[in-house]
Amino acid sequence: MTIGTQTRQDDGTAMIAAAWDSIRAGLRRDCGARLFDHWLKPIALAGVDEDGRRVLLTLPSEFMANWVSAHYADRLTLAWRTALPRIAEVRISAAEGVQPQLYSAPADPDPVAADPAPVAARGAAFDPRMTFDRFVAGDENRMAANAARSLAEGASRFSPLFLHSPTGQGKTHLMHAIGQDYRRRLPGANILFMSAEKFMVDFVSAMRDRDTLAFKARLRSADLLMIDDIQFIAGKGATQEEFLHTVNEVMAAGKPLVISADRSPHALDGVEGRILSRLASGLVADIKPAGPALRHAIVRAKLAAMPDVAMPDDVVELLAARIQTSIRELEGALNRLSAYAVLNGRAIDLDFAQEVLGEMLSAGQKRVTIDDIQKAVSAHFGMRQAEMVSARRARAVARPRQIAMYLAKRLTPRSLPEIGRRFGGRDHTTVIHAVRQIEKLRGCDADIDADVRSLIRNLEG
C-alpha cells in the first residue's frame, strides 16, 4: 500500500466517523434526549463495506434492531445520504454474530468522483423478514396479498399493480415480498425498488448534473419497477412528467410495475390526470385497516417467530384490542414490550404491559367508565344494574359483579379502593379477590372466558 493510498483511506475513515457523530447529534436534537438515550444511543457503527456504499449499524439485541429498523431506517438512510452522498444503503442488525470491521473507505473518497447510481440500479436490497410467508392475511388485505403474489409469480395480467392503504398497514411489506419472490424466480432480473421521494431526489440530482439520460436509462432498464408512496410527488411538475414517461415506457415494454400510495389513484390531490389514468388502468387493490381478528392473528404470528418470548393470552388481547392505528405500531408495541422484558429481567403480564405501553394503550383506548361496565354486564347477564351495588351474594349476582370488577380494573384507570366504592362501598381487597378469581376462571372455564371477551369487544367499541 502506498503512502498516498493510506492517507486517502485514513481521510475516508475520519470522514465517516465525523458523519456518524453529526448524525447522532441530529437524532438526539430531533428525537429528544429520552427516546434517543433509550433506543438510538446504543446504535454502533460496525463498519462500511469495501466500496464504501453500505453502512452497517448494530444494536445490542434483535428486539432493539427490529424496533429501530421499523421506526428509523428511512431517517437513518436519508441522514447518511445527506452527510455522504455516496452512501446508498444502511443496514441495521443485532450485534450477535456480527463481525465488526474497521471503517473502510474506497480508494478515492471524493463523493463527486464516485458513481452516483443508487443501490436500486444495481438490484434492490430487500428485508428478508418481509416475505409472503410472514404476511398475515385477513379479509382486510387478502385481495392485495393475492394480487402481489400473482405478480411475483409472473401470472398476473394486471400491470400496474396499485396498492393503497393508510400508513403502516402492509404495503411496503408486500412490495418487499414481491421483489424477493421475483428475484428467486428470475435470479438475474434487474429489480428497482425506491420511494417516490428517492425518485424525485435522484431525478433532481440528474438534472443538476445534466445527466438525465443516465437516470432515464437506469429506470427503463428495470425488469421489475416498484415505487413506494407515490403521493410524495404531488405538486412536483417536472418530477411528475418524468414519472409519467417512465411508467409509459415500462408498460409499453411489457414489464411489471408496482406502485403504492396512502390513498386510491383518484384521491391523489396534486397529481396529474394522465398519471392517475395510467395508475388506475391496471389493478387497484386496497388494504383496509386491520380489524380485531387480524390484529390478534398478527400478534400471534409475530410471537411464533419469537420463541423466547412468553406472553399470556390477556396481554395478546390487550395489544390487539388497544393498538388500532396501524400494524406497524402494533409490531412496535410488541417489540417494545419484549425488549423491556428482556432488558429488565421481567416476566410479561398484564400489569407489566400496561406499565410499559401506557401512552400507546391510552391513545387507542375508547374511554370506558365504571358505569358503562356495570350497564353492559347487567344487560349481558339479564340482571338489574342496581344489583351490582347490592349486598346480595347469590351466585347469579356475585359472579357478574366479579366480572364487572375485573373489567373495571382492566379497562379503566380507577384505583382499587375507588372501584370498591362504586360497587356498593366494598373494600379494595374484595376487588383484588374478584380480579384474581376471574383471571383464574378464564383459564379453565370457556364460558366465562367467552363472556369476558364479548364484553370487552362491546365496551371498547
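The largest nonpolar core in this predicted model takes in 56 residues, and Leu-57, Leu-76, Trp-80 and Met-311 make the most contacts inside it. Take Leu-76 as a way in: leaving out residues up to four places away in sequence, its partners are Trp-20, Ile-23, Leu-27, Ile-43, Leu-57, Val-68, Val-90 and Ile-92. Another core lies apart from that one, with 27 residues, including Phe-162, Leu-225, Val-247 and Leu-276.

Now for the empty space. Rolling a probe the size of a water molecule over the atoms shows where such space is left. Searching the whole structure turns up 1 cavity of 30 Å³ or more.

Two or more lining residues come from each of helix H2 (33–40), helix H3 (62–83), helix H12 (327–344), helix H13 (350–356) and helix H14 (358–363).

As for the largest cavity, you'll find Glu-317, Leu-318, Ala-321, Arg-322, Arg-410, Leu-411, Ile-456 and Glu-460 around it. Helix H11 (313–322) and helix H16 (395–411) each put at least two residues into that lining.

Next, a loop residue. Where does Lys-255 lie? Look between helix H8 (237–252) and strand S7 (257–261), in the loop there. Is Lys-255 buried, partly exposed or exposed? Its relative accessibility is 23%, so Lys-255 counts as partly exposed, given that buried means under 20% and exposed over 50%.

Setting aside neighbours within four places in sequence, Lys-255 is in contact with Ser-159, Arg-220, Ser-221, Ala-222, Asp-223 and Val-250. Ala-222 deserves a look: a polar side-chain atom of Lys-255 lies 3.2 Å from the backbone oxygen of Ala-222. The C-alpha atoms of these two are 8.0 Å apart, though 33 residues separate them along the chain.

Arg-220, another contact of Lys-255, is also one of the buried residues of helix H7 (residues 212–220), along with Phe-215, Arg-218 and Leu-219. The buried residues of H7 pack against strand S5 (191–195), helix H6 (196–208) and H8.

Terms used:
Residues are numbered from 1 along each chain as its sequence is written. This is a predicted model: local features need pLDDT of at least 70, side-chain atom pairs count only at pLDDT 80 or more; totals for chains, interfaces and linings use all residues. Side-chain values use heavy atoms; hydrogens and water are left out. A nonpolar core is a set of buried Ala, Val, Leu, Ile, Met, Phe, Trp, Tyr and Cys residues joined through side-chain atoms within 4.5 Å. Buried means under 20% relative accessible area, exposed over 50%, partly exposed in between (1.4 Å probe, protein chains only). Contact means heavy atoms within 4.5 Å. Helices (H or I, at least four residues) and strands (E, at least two) are DSSP runs, numbered from the N terminus. A polar contact is a pair of N or O atoms within 3.5 Å; within protein, one must be able to donate a hydrogen and the other to accept it, and residues adjacent in sequence count only if both atoms are side-chain atoms. On a 1 Å grid over the protein atoms alone, a cavity is a set of points where a 1.4 Å probe fits but cannot get out, and a pocket is an open set with protein on both sides within 12 Å along at least five of seven lines; lining residues have an atom within 4 Å of a point. Grid points are joined across faces, edges and corners, and a volume is the space filled by probe spheres set on the points.
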